[in-house]
Amino acid sequence: MLFIQSALDKDELAEVSTRLKALPAAAVRRGKPGEPQHNDSKARAVMGWVKSIVTRHPLVQAYAQPARFSTFVLTKHAVGERFGLHPVDPLMKDDNGNPMRTDLAFTLFLTSKVDYDGGALTLEANDGTRDIRLEAGDMVIHKTGQLHQVAPVTRGERLACIGWIQSLTKHEDERDVLFDLQRMLLSATDRDHVLMLRKTIGNLLRMWGEV
Ligand SMILES: O=C(O)CCC(=O)C(=O)O
Ligand SMILES: [Fe+2]
């Protein structure tokens, strides 16, 4: 699991907030309670803009080793609303309609914590349950093989952007090794170290990666 503080910086968050405020209430639609939310074309456009920023983020790239991203979805939970315990669908479609495997999921919080209560993203791992509530602009990327839910919102309204990622490697232990090396590369300044790290990361991706 990875937490990324300010995946959207202040200006980007202000921009997305303005665009979200301009959306009609029906831009996010839900079927029966507990069913996934659907975005109309206006909401999809805002999420497309968020996607263009988030997918370029160096830590998203380093941690997820993304091969494909799903469409980004705006979720909205008002008072009393929740999204009950569920697993992640193993296969989804990317923006081009191509099938993709969901190795990782993320939630990018879009509402400030002071503006709502409840609404934690709850992940059920074998070693316990984790409640995640982050500040607006912050993001959590987590593995998909566990049940999760959005706890009921008890005050205000919670907006979030969610999505799924197919990684070049489906094995978490391999992703962890690559993430360590990618982080070293992000801070490396010595030219020989940079070249050696790029060579090693590339060799490991050829060994482990699939497209
Ligand atoms: O809004 C969230 O944090 C996650 C929602 C969710 O799990 C889903 O819609 O599948
Ligand atoms: Fe979910």
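Mentor: Two strands pair if DSSP finds at least two bridges between them. Helices (H or I, at least four residues) and strands (E, at least two) are DSSP runs, numbered from the N terminus. The model is predicted, local features need pLDDT of at least 70, side-chain atom pairs count only at pLDDT 80 or more, and totals for chains, interfaces and linings use all residues. Residues are numbered from 1 along each chain as its sequence is written, chains are lettered from A and ligands numbered from 1 in the order written, and side-chain values use heavy atoms without hydrogens and water.

Trainee: In what order do the 4 strands of the open sheet follow one another?

Mentor: Strands β6 and β12 (128-132) stand at the edges, and each has a single partner strand, so one side of each is left without a neighbour in the sheet. On average, neighbouring strands are turned by 15° against each other, direction ignored; the axes are lines fitted to C-alpha atoms, for helices over the stretch in contact, with angles running from 0 to 180 degrees between N-to-C directions. The pairing is antiparallel, and the order is β6-β14-β11-β12.

Trainee: How many bridges join β11 and β12?

Mentor: These two strands form a hairpin, with 2 residues between them. Within the pair, leucine 123 is placed opposite arginine 130 in β12. The two strands run antiparallel, and the number of bridges is 5.

Trainee: Which residue in β14 does threonine 122 stand opposite?

Mentor: Strand β11 (residues 121-125) and β14 are antiparallel and are joined by 4 bridges. In β14, the residue opposite threonine 122 is glutamine 149.

Trainee: Is histidine 148 buried or exposed?

Mentor: Buried means under 20% relative accessible area, exposed over 50%, and partly exposed in between (1.4 Å probe, protein chains only). Histidine 86, at 19%, counts as buried. Histidine 148 has a relative accessible area of 11%, which means that it is buried.

Trainee: Which residue in β16 is the bridge partner of threonine 75?

Mentor: Strand β5 (residues 73-77) has 4 of its 5 residues buried, so it is largely enclosed by the rest of the structure. It pairs with strand β16 (residues 158-167) in the antiparallel sense over 5 bridges. The bridge partner of threonine 75 is alanine 160.

Trainee: With which residue does arginine 19 form a salt bridge?

Mentor: A salt bridge is a side-chain nitrogen of Lys or Arg within 4 Å of a carboxyl oxygen of Asp or Glu. Arginine 19 and glutamate 15 are 4 residues apart in helix α1 (residues 10-21), which means about one helical turn separates them. Arginine 19 is partly exposed at 30%, and glutamate 15 is likewise partly exposed at 33%. The closest N and O atoms are 2.8 Å apart, and the partner of arginine 19 is glutamate 15.

Trainee: How far apart are the closest N and O atoms of glutamate 172 and lysine 143?

Mentor: Glutamate 172 is partly exposed at 32%, and lysine 143 is partly exposed at 37%. The two residues form a salt bridge, and their closest N and O atoms are separated by 3.5 Å.

Trainee: How many salt bridges does a search of the whole structure find?

Mentor: One of them joins aspartate 117 to arginine 155, with the closest N and O atoms 2.8 Å apart. Aspartate 117 lies in strand β10 (residues 116-118) and arginine 155 in strand β15 (residues 153-156), so the pair ties together parts 38 residues apart in sequence. The whole-structure total of salt bridges is 7.
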